[in-house]
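Please look over the sequence and the structure shown here. The report that follows takes up a few local features in turn.

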Amino acid sequence: MSTSQIEIQLIAAIVAAACAIPGVFLVLRKMSLISDAISHSILPGIVLGFFITHSLTSPLNILLATLTGILTVIIVEIIQKTGLVKEDTAIGLVFPAMFSIGVILIALNANDVHLDIDAVLLGELAFAPFDRFIIRTTDLGPKSLWVMGGILLISLLLLVIFFKELKVSTFDSGLAAAMGFAPSIMHYGLMSVASITTVGAFDAVGAVLVVALMIAPAATIYLLTDNLKKLIFGSVVVGIIAAIAGYWLAHFLDASIAGAITTVLGVIFLITYLLAPKNGLIATFYKQKQQRKEVMLITFLLHLKNHKEEEERLVSHLSDHINWHEVKALSVLELASKNNFITIHNGIIDLSEKGNEFTSLAVQYITDNEKSRIETMKKEWFLFRA
């Protein structure tokens, strides 16, 4: 493995880690689209910085691009607060306008300058090692490595210092205000970090991969845990794994590195979306099927409680009296038997003492219509789940 390959993977991993930290809070605040808005709307800032400095690597470019990203967030919030449109609509209005301004400025005043729109959107990590950070004659490595490494350290430092404030303001802005945390300052601080991270990663990986690295890892781990610390750590790990795996996929296919990393992120999310133990699609389908069966069980127990006639409680005629097909009726009968809710003698079903008590509580739930009570009952009374 060559030095350039190591440097590309290292840059990709550091960019992934740096993007994952603000990305977690964007996902939790339901502001995922704002990362897309920032990644596109910083283009006018980069162009204006070039007009002033006549350089594509000047720190002023980063500053103006960051300010443009923050300005985008402010404009989105101003439009949203009018109450005339929702946040996603406001984002959809603002960021195409900002990006278009950047494209027009390039077309009118910088046609002979290398500000390629395709490179801006897609980026090319393979070229990142060639842009070196040299002091006098000492080569200190790729510039992207230093820039993103610095941004990652700043993000980690701010996360440690303001973790409690960020946590409270993210989940309950009213409580944060009552505790004196100034949620608006936390909000704009987070947007500033997201903007700086986006600008830093923009040149190396492009707008598309920045959005993917900010949102996909956090969205993936959010399906697995609701613990904030685990969510942050897991997002960083998933981002790094996807970055390295994506590089080798691109190397094998001779394809775009950014495209391959984004594809790996998508595959990881899809697998998690399907197989997550609690919130995955398969688990959710099974849970819904289980809940339907439990509702049928309660219906069956109520039928037994309200009908004392033997002909209404015959196993052989159960499907006829409750209008269920035979397989469904037998599955409910099995569930009731496993939970010791019923007894069967000579083909006649009776409520057990436990079943009678459970059914009385279920009737009370139906009368009171308190959703939380039935879930508590299930946890306390069900020995076996469907």
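## A salt bridge in a helix

Lys338 has a relative accessibility of 41%, so this residue counts as partly exposed. Its salt-bridge partner is Glu334, and the closest N and O atoms of the pair are 3.6 Å apart. Glu334 also counts as partly exposed, because its relative accessibility is 45%. For both residues, the class follows because partly exposed covers the range between the buried limit of 20% and the exposed limit of 50%.

Where do Glu334 and Lys338 lie? Both belong to helix H15, which spans residues 326-338. They are four residues apart, about one turn of the helix. The count of salt bridges comes to one.

## Confidence in the model

This is a predicted model. The chain has a mean pLDDT of 82, and 89% of its residues reach 70 or more.

Which helix has the lowest confidence in the chain, and which has the highest? The lowest is helix H6 (residues 117-122), with a mean of 52. The highest is helix H11 (residues 228-253), at 93. Where pLDDT is low, the predicted coordinates should not be read in detail.

Strand S1 covers residues 132-135 and strand S2 covers residues 138-142. The two strands run antiparallel and are joined by three bridges. In one of the pairings, Ile134 has Asp139 of S2 as its bridge partner. Arg132, in turn, stands opposite Pro142 in S2.

Two residues lie between the strands of this hairpin. Arg136 takes a positive phi there, near 55 degrees. As for side chains, in a regular strand they alternate between the two faces of the sheet.

## A nonpolar surface patch

Two helices, H12 (257-275) and H13 (281-306), each supply at least two residues of the patch.

Which helix gives the most to the nonpolar patch? The answer is H12, with seven residues.

Conventions: Residues are numbered from 1 along each chain as its sequence is written. This is a predicted model: local features need pLDDT of at least 70, side-chain atom pairs count only at pLDDT 80 or more; totals for chains, interfaces and linings use all residues. Side-chain values use heavy atoms; hydrogens and water are left out. Two strands pair if DSSP finds at least two bridges between them. pLDDT is the predictor's confidence in each residue, from 0 to 100. A salt bridge is a side-chain nitrogen of Lys or Arg within 4 Å of a carboxyl oxygen of Asp or Glu. Buried means under 20% relative accessible area, exposed over 50%, partly exposed in between (1.4 Å probe, protein chains only).
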